[in-house]
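Subject: Structure for you to look at

Hi,

Here is the structure I promised to pass on. Have it open while you read, and find each residue as I mention it.

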Amino acid sequence: AQFYAIDGNYQKSLDILLDWLQYQPDPKPSQWHYISQAYYQLGLQQAKTNENRALESYRKGIPLVETAIDIAKANPTTEVRENWYELQLVLYYELSDFAKVRDILEVMIVRWPRPRYWVQLSAMYSELEEDKKQLAVMDVGYRLGFITAETNLVTVAQLYMISAPYLSAKVLEKGMRDDCGDACIDKEKARNQKLLGQAHLNAKDFAKAGKHL
């Protein structure tokens with residue numbers, strides 16, 4: 001099955017894996033994950049020619065990786081692995097089940113608080129029109145130093161603009177400073193200057209607003 005998977009023949013690999021599974025009294029979590037991964041790879045192949053078949057493969061992969069997670073969670077000596085959650089996440093994302101993606105990310109940012117998960121969770125809140133939660137997660141992520149890409153910093157500033165324009169201006173000014181480090185905003189871009197001016201205007205700092213608008 002592994003050789004077929006390496007060769008890109010995921011359907012044949014799955015045929016063997018599912019046959020093998022019938023004779024296993026107690027499959028390990030990593031083995032459930034492996035079969036789920038094969039379904040995901042098969043789905044990616046099928047998506048090039050038949051989207052419906054791809055979606056069906058993604059659906060078949062979900063209960064397998066969730067079985068891996070459940071078994072590991074029930075056993076204190078077994079590590080619940082990050083890549084299992086990542087696979088679960090991407091399978092639900094391919095099915096456009098953004099509510100489930102949100103729920104998974106809410107678990108992941110606690111277990112593995114990586115910057116990309118904060119940004120992804122913010123995007124899911126936006127997709128689900130949970131604006132207050134989107135602002136909250138970006139606010140915390142920014143304060144923890146997880147938000148560094150210019151596009152994400154601008155998003156933080158735009159979110160602050162609604163209820164806290166003073167903070168919006170602070171984010172933009174900090175990002176535009178020469179000593180911004182790894183979290184910089186291009187101060188030469190007209191749209192960034194305009195956004196800063198609008199933040200000052202909304203915060204009723206008219207003198208500063210006039211310098212940028």
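Let's begin with a question: which residues does Gln 46 touch, not counting residues up to four places away in sequence? Have a look before reading on. Gln 46 touches Glu 51, Arg 53, Ala 54 and Ser 57. Gln 46 itself sits in helix α3, and its relative accessible area is 9%, so Gln 46 is buried. Please keep in mind throughout that this is a predicted model.

Take α3 and α4 to start with. Helix α3 covers residues 29–46, and the axes of α3 and α4 come within 8 Å and cross at roughly 165°. That angle makes α3 roughly antiparallel to α4, because angles over 145 degrees count that way. The crossing of α3 with α4 is left-handed. Sorted by class, the contact of α3 with α4 has 14 nonpolar residues, seven polar ones and three charged ones.

Now for α4 and α5. Helix α4 spans residues 51–74 and helix α5 spans residues 82–94, and these two pack at an angle of about 150° with their axes 9 Å apart. So α4 and α5 are roughly antiparallel to each other. Their crossing is left-handed. On the α4 side, the contact is made by Leu 55, Tyr 58, Gly 61, Ile 62, Val 65, Glu 66, Ala 68, Ile 69, Ala 72 and Lys 73. On the α5 side, the residues are Trp 84, Tyr 85, Leu 87, Gln 88, Leu 91, Tyr 92 and Glu 94. By class, that contact of α4 with α5 has 12 nonpolar, two polar and three charged residues.

You'll find His 33 in helix α3. Is His 33 buried or exposed? His 33 has a relative accessible area of 12%, so it counts as buried, the cut-off for buried being under 20%. Leaving aside neighbours within four places in sequence, His 33 is in contact with Val 65, Ala 68, Asn 83, Trp 84 and Leu 87.

Next, Glu 86, which is in helix α5. Glu 86 has a relative accessible area of 28%, so it is partly exposed. If you leave out neighbours within four places in sequence, Glu 86 is in contact with Met 108, Arg 116 and Tyr 117.

Leu 121 has a relative accessible area of 1%, so it is buried. Apart from neighbours within four places in sequence, Leu 121 is in contact with Arg 102, Leu 105, Glu 106, Ile 109 and Val 137. One of those, Glu 106, is 15 residues from Leu 121 in sequence and 7.2 Å from it in space, C-alpha to C-alpha.

**Two loop residues with positive phi**

Ser 96 lies in the loop between α5 and α6. Its phi is near 60°, a positive value in a residue other than glycine. With 47% relative accessibility, Ser 96 counts as partly exposed.

Glu 129 is in the loop between α7 and α8. Phi of Glu 129 is near 60° too, again a positive value in a residue other than glycine. At 66% relative accessibility, Glu 129 counts as exposed.

**The disulfide**

How many disulfides does a search of the whole structure find? The search finds one. Cys 180 and Cys 184 form it, with their sulfur atoms 1.8 Å apart. The torsion about their S-S bond is about 90°, so the disulfide is right-handed. As for accessibility, Cys 180 is at 17% and counts as buried, whereas Cys 184 is at 28% and counts as partly exposed.

Over to you now!

Cheers

Technical notes
Residues numbered from 1 in each chain as written. Predicted model: local features only at pLDDT ≥ 70, side-chain atom pairs only at ≥ 80, totals over all residues. Heavy atoms only, no water. Axes fitted to C-alpha atoms, helices over the stretch in contact; angles between N-to-C directions. Helix = DSSP H or I, 4+ residues; strand = E, 2+ residues; numbered from the N terminus. Parallel < 35°, antiparallel > 145°, perpendicular 65-115°, else oblique. Left-handed = near helix turned anticlockwise from the far one by under 90°. Contact = heavy atoms within 4.5 Å. Nonpolar A, V, L, I, M, F, W, Y, C, P; charged D, E, K, R; others polar. Disulfide = S-S within 2.5 Å. Buried < 20%, exposed > 50% of the residue type's maximum accessible area, 1.4 Å probe, protein only.
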